[in-house]
Amino acid sequence: VKPAQERFDGNGQFSQGALKRIVLAYEKQFAKAIPISANGETAFHRALGYNHSGRVDVALSPDTPEGVWLRQLLEKEQIPYYAFRTAITGKASAPHIHIGPPSTRLRVAD
């Protein structure tokens, strides 16, 4: 049984240049757009208490052919990611691949 969540730390870095390379490689490999469900900050992430800026969520289940391909590319490029296989309360609403370092917690106002 595979874990509900996997983490790859890579080199800890993720940039807009890396995102562009990923998008182009995915389109070349699968002849369709990569299904980005969140690029940076969203109301959903804020509601969970996370700062998601500089991170990207891709609406792919990690074990589909596309998800396996994307995870292999991220590992080859040493780009950190989380792979969510299911919804996890407080972390993920559905299977997806979070690209970039972990989201930081938003500070609660005093």
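Tutor: Serine 103 sits in the loop between β6 and β7 (104-105); such helices (H or I, at least four residues) and strands (E, at least two) are DSSP runs, numbered from the N terminus. The model is predicted, so local features need pLDDT of at least 70 and side-chain atom pairs count only at pLDDT 80 or more, while totals for chains, interfaces and linings use all residues. Residues are numbered from 1 along each chain as its sequence is written, and side-chain values use heavy atoms, with hydrogens and water left out.

Is serine 103 buried or exposed? Serine 103 has a relative accessible area of 19% and therefore counts as buried (buried is under 20%, exposed over 50%, partly exposed in between, with a 1.4 Å probe and protein chains only). Leaving aside residues up to four places away in sequence, serine 103 touches Tyr50, Asn51, His52, Arg55 and His98, where contact means heavy atoms within 4.5 Å.

Two of these neighbours lead further. The face of tyrosine 50 has arginine 105 over it, 4.3 Å from the ring centre; the rule asks for NZ of Lys or CZ of Arg within 6 Å of the ring centre and within 35 degrees of the ring normal. His98 is among the residues that lie nearest the centre of the largest pocket, along with His45, Phe84, Lys91 and His96.

That pocket has 21 lining residues. A pocket is an open set of points on a 1 Å grid over the protein atoms alone, where a 1.4 Å probe fits, with protein on both sides within 12 Å along at least five of seven lines; lining residues have an atom within 4 Å of a point. β2 (36-39), α2 (43-48), β5 (81-84) and β6 (96-99) each give two or more residues to the lining, and α2 gives the most, with three. The lining divides into 11 nonpolar, eight polar and two charged residues (Ala, Val, Leu, Ile, Met, Phe, Trp, Tyr, Cys and Pro are nonpolar; Asp, Glu, Lys and Arg charged; the others, Gly among them, polar).

Rings also meet elsewhere. Rings of Phe, Tyr and Trp (its six-membered ring) pair if their centres lie within 6.5 Å; planes under 30 degrees apart are stacked, over 60 edge-to-face, the rest tilted. This rule gives five aromatic pairs. One of them joins tyrosine 26 and phenylalanine 30, a tilted pair with 4.8 Å between centres and 45° between planes. Both residues lie in helix α1 (residues 16-30), four residues apart, about one turn of the helix. Tyrosine 26 is buried at 1% relative accessibility, whereas phenylalanine 30 is partly exposed at 22%. Tyrosine 26 also pairs with tryptophan 69: the centres are 5.9 Å apart and the planes at 70°, so this pair is edge-to-face. It links distant parts of the chain, since tryptophan 69 lies in helix α3 (residues 65-76), 43 residues from tyrosine 26 in helix α1. Tryptophan 69 is buried, at 18%.

One backbone detail remains. Most residues other than glycine have a negative phi. Alanine 31, in the loop between α1 and β2, has a positive phi of about 55°, and is exposed at 71% relative accessibility.
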